[in-house]
Amino acid sequence: MATPRGSCRACGAHDAGTQTLADRPDGIVVRHGAAVAKAHAPDTDRAAHDVRVALAAHPALAGILLPPLPAGPRTGAAPLPNDPRPVTTWPYGVPVDPADPDAAPWEEAAVLLARLHRVPPAELSGTHTARATAADPATGADPVTATGAAPLPPMRGPAKARAAVARMEAAAPDHPAAPDVRRAWERLPAWARGEAPSPRRDAVCHGDLHLGQLVRHPAPDGPWLLIDVDDMGLGDPAWDLARPAAWFATGLLAPEIWQRFLGAYTAAEGGAVPSAGDPWPQLDVPARAVTVQTAATALAKSAVEGRQPDDVERAVLDACTRIGTL
């Protein structure tokens, strides 16, 4: 991330230390000063990825999504040497503190989702993308090649659930809990397994909502914003409520917190569920799909790490057993 003159092209800092914030197969995130660089998954669909990053900078989504750092001499980190992954740069924001669950911004997350779901896709469908090419060795700048208007890609939530099940089959196919996860998976409709288009594709969705997808920007006490646009696109907005709904259904999220989250969402006129009445006809399938995704990931991780599932993972696996018997 440093230029030959010793200053970072993303944040402009001199001799700022680096900090690895995440190191997973689907992404490496490194902080350097006031900037964060993310190396995305090697199999990233570059065209769809460009559209998603451009969406984060769209004026209609200002105050909802953290925008990327603008292209220019100090931004747009070049791909890692001998690494096929695209790299994007973002301002640093303060994440949710996992050690302070009482301060978790459930209502703020719900309002951000409702605002995102209210944005008409037609306002975004003409999004112009820009793809960074190799850095200019003379200036340290990343030339940008305009790719023109592009359609909004589909939301990747079901595709991620499908990938999690495939990961389980590769890492832990013989685990005693695997049959229950498979059974719950097979009872989902094709669209929730990523095998058919979603019956509802009228909303812009985040695609992977959890509390790790929020930061305060400007740091340290700016407003909360959504981050990580890798799965954003058109789809069923109920998917963005699925993880807290699944946690509530499995007993991992207290009923009062769930009611705060759901109440804030409906008060902000989010369109995933009715403003009054039972939300579960809309939430049932996405919540079951995310439960299976979480259980499959838990089996894969515990197998790779050579351990048994912990209490939280066990609760999700038990939920899959119940889903499979419905």
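At 2% relative accessibility, Asp231 counts as buried, where buried stands for under 20% relative accessible area, exposed for over 50% and partly exposed for what lies in between (1.4 Å probe, protein chains only). The structure is a predicted model, in which local features need pLDDT of at least 70 and side-chain atom pairs count only at pLDDT 80 or more, while totals for chains, interfaces and linings use all residues. Residues are numbered from 1 along each chain as its sequence is written, and side-chain values use heavy atoms, with hydrogens and water left out.

**Salt bridges**

- A search of the whole structure finds 16 salt bridges, each being a side-chain nitrogen of Lys or Arg within 4 Å of a carboxyl oxygen of Asp or Glu.
- Asp231 meets the side chain of Arg156 in a salt bridge of 2.4 Å, N to O; this pair links distant parts of the chain, 75 residues apart, with Arg156 in the loop between strand E7 (144-149) and helix H3 (157-171) and Asp231 in the loop between E10 and E11.
- Helices (H or I, at least four residues) and strands (E, at least two) are DSSP runs, numbered from the N terminus.
- Arg156 is partly exposed, with a relative accessible area of 32%, and a network of salt bridges links Arg156, Lys160, Asp208, Asp231 and Arg243.
- Asp318 forms a salt bridge with Arg314, with 3.4 Å between the closest N and O atoms, and these two residues are separated by about one helical turn because they are four residues apart in helix H8 (residues 311-324).
- Asp318, at a relative accessible area of 35%, is partly exposed, and Arg314 counts as partly exposed at 34% relative accessibility.
- In the salt bridge between Glu305 and Arg307 the closest N and O atoms are 2.6 Å apart; Glu305 is partly exposed at 47% relative accessibility, and Arg307 is partly exposed with a relative accessible area of 30%.

**Surroundings of Asp230**

- Asp230 is found in the loop between strand E10 (224-226) and strand E11 (233-235), and at 18% relative accessibility Asp230 counts as buried.
- The side chain of Asp230 makes polar contacts with the side chains of Lys38, at 3.1 Å, and His40, at 3.0 Å.
- A polar contact is a pair of N or O atoms within 3.5 Å; within protein, one must be able to donate a hydrogen and the other to accept it, and residues adjacent in sequence count only if both atoms are side-chain atoms.
- Not counting residues up to four places away in sequence, Asp230 touches Lys38, His40, His49, Arg52 and Arg156, contact meaning heavy atoms within 4.5 Å.

**Aromatic pairs**

- Seven aromatic pairs are found in a search of the whole structure, where rings of Phe, Tyr and Trp (its six-membered ring) pair if their centres lie within 6.5 Å, and planes under 30 degrees apart count as stacked, over 60 as edge-to-face and the rest as tilted.
- Trp106 and Trp247 have ring centres 6.3 Å apart and planes at 90 degrees, so this pair is edge-to-face; Trp106 lies in helix H2 (residues 106-118) and Trp247 in helix H5 (residues 242-249), 141 residues apart.
- Trp106 is buried at a relative accessible area of 6%, whereas Trp247 counts as partly exposed at 24% relative accessibility.
- One aromatic cluster is formed by Trp106, Trp247, Phe248, Trp258, Phe261 and Trp280.
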